[in-house]
Amino acid sequence: MKKNTKTYILLTLVFLIWGIVGIRMLKAFKPEVKVATSPVIETTFNPLPFKAKDTFSIVGDYRDPFLGTWPTTKTKKKYKTKVPETPQITIRYTGIITANDAKDTVFFLTVDGQSYMLSAGEKNDVLKLIRGNKNKITVQIGTQIKNIPISL
């Protein structure tokens with residue numbers, strides 16, 4: 001055989017081997033997708049029954065290993081505090097005076113028949129005026145807070 005013929009035969013053999021290797025590598029990297037059909041199974045949901053939580057408490061009524069004493073329980077005395085009763089008084093909100101340039105507003109109140117002029121934050125002997133506007137005022141009597149509408 002001539003030298004060129006041997007070269008052509010060997011060259012085609014090399015291309016054939018590398019072609020087979022290349023095809024196998026392509027198949028390995030890009031596998032075929034097979035669609036598996038499975039029967040549809042219908043199931044119902046059955047929840048498990050509720051279990052009550054298991055609780056416990058640790059009682060430490062044993063002897064102290066370092067001091068050798070038994071624990072003592074101290075009971076705190078509970079004192080009942082009496083809530084002071086607020087007296088029943090009648091309060092009427094009768095009017096308001098406001099100047100255009102002044103920030104202070106004066107409110108007219110009638111407490112048990114006596115007239116008072118108070119601004120926001122002031123106190124008299126029975127109540128404290130917290131805030132107010134032309135429709136209602138908010139007063140504090142003892143520990144109670146009341147909203148009182150205007151009465152003409």
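## Overall form

Of the 152 residues of the protein chain, 13% count as buried, where buried means under 20% relative accessible area, exposed over 50% and partly exposed in between, with a 1.4 Å probe and protein chains only. The model is predicted, so local features need pLDDT of at least 70 and side-chain atom pairs count only at pLDDT 80 or more, whereas totals for chains, interfaces and linings use all residues. Residues are numbered from 1 along each chain as its sequence is written, and side-chain values use heavy atoms, with hydrogens and water left out.

The protein chain has 1 helix and 6 strands, and from the N terminus on its elements run α-β-β-β-β-β-β. Helices (H or I, at least four residues) and strands (E, at least two) are DSSP runs, numbered from the N terminus. The radius of gyration of the protein chain is 48 Å, well over the 15 Å that the globule rule gives for 152 residues, so the chain is more spread out than a compact globule. This radius is taken over C-alpha atoms, and the rule is 2.2 Å times the number of residues to the power 0.38. Taken along the principal axes, the box filled by the C-alpha atoms is roughly 140 × 75 × 45 Å.

## Surface and contacts

Among contacts (heavy atoms within 4.5 Å) between residues at least 6 apart in sequence, 23% join residues at least 24 apart.

## The sheet of E1, E2 and E3

An open sheet is formed by 3 strands in the order E1-E2-E3, with antiparallel pairing. Two strands pair if DSSP finds at least two bridges between them. The edge strands are E1 and E3 (114-118), each of which pairs on one side only. From one strand to the next, the twist averages 20°; axes are lines fitted to C-alpha atoms, for helices over the stretch in contact, and angles run from 0 to 180 degrees between N-to-C directions.

E2 and E3 run antiparallel and are joined by 5 bridges. Phe108 stands opposite Met117 in E3. Thr110 lies in strand E2 and, at 17% relative accessibility, counts as buried. Beyond its neighbours within four places in sequence, Thr110 contacts Thr90, Ile91, Arg92, Thr94 and Ser115. A distance of 12 Å separates the C-alpha atoms of Thr110 and Ile96, which are 14 residues apart along the chain.

## The aromatic pair

The structure holds 1 aromatic pair. The ring centres of Tyr93 and Phe107 are 6.0 Å apart and the planes are at 55°, so the pair is tilted. Rings of Phe, Tyr and Trp (its six-membered ring) pair if their centres lie within 6.5 Å; planes under 30 degrees apart count as stacked, over 60 as edge-to-face and the rest as tilted. The pair links distant parts of the chain, with Tyr93 in strand E1 (residues 91-98) and Phe107 in strand E2 (residues 105-111), 14 residues apart. Tyr93 and Phe107 are both buried.

## The hairpin of E5 and E6

Strand E5 (residues 136-141) and strand E6 (residues 144-149) run antiparallel and are joined by 6 bridges. Val139 has Lys146 in E6 as its bridge partner. The hairpin has 2 residues between the strands, and Gly142 takes a positive phi near 70°.
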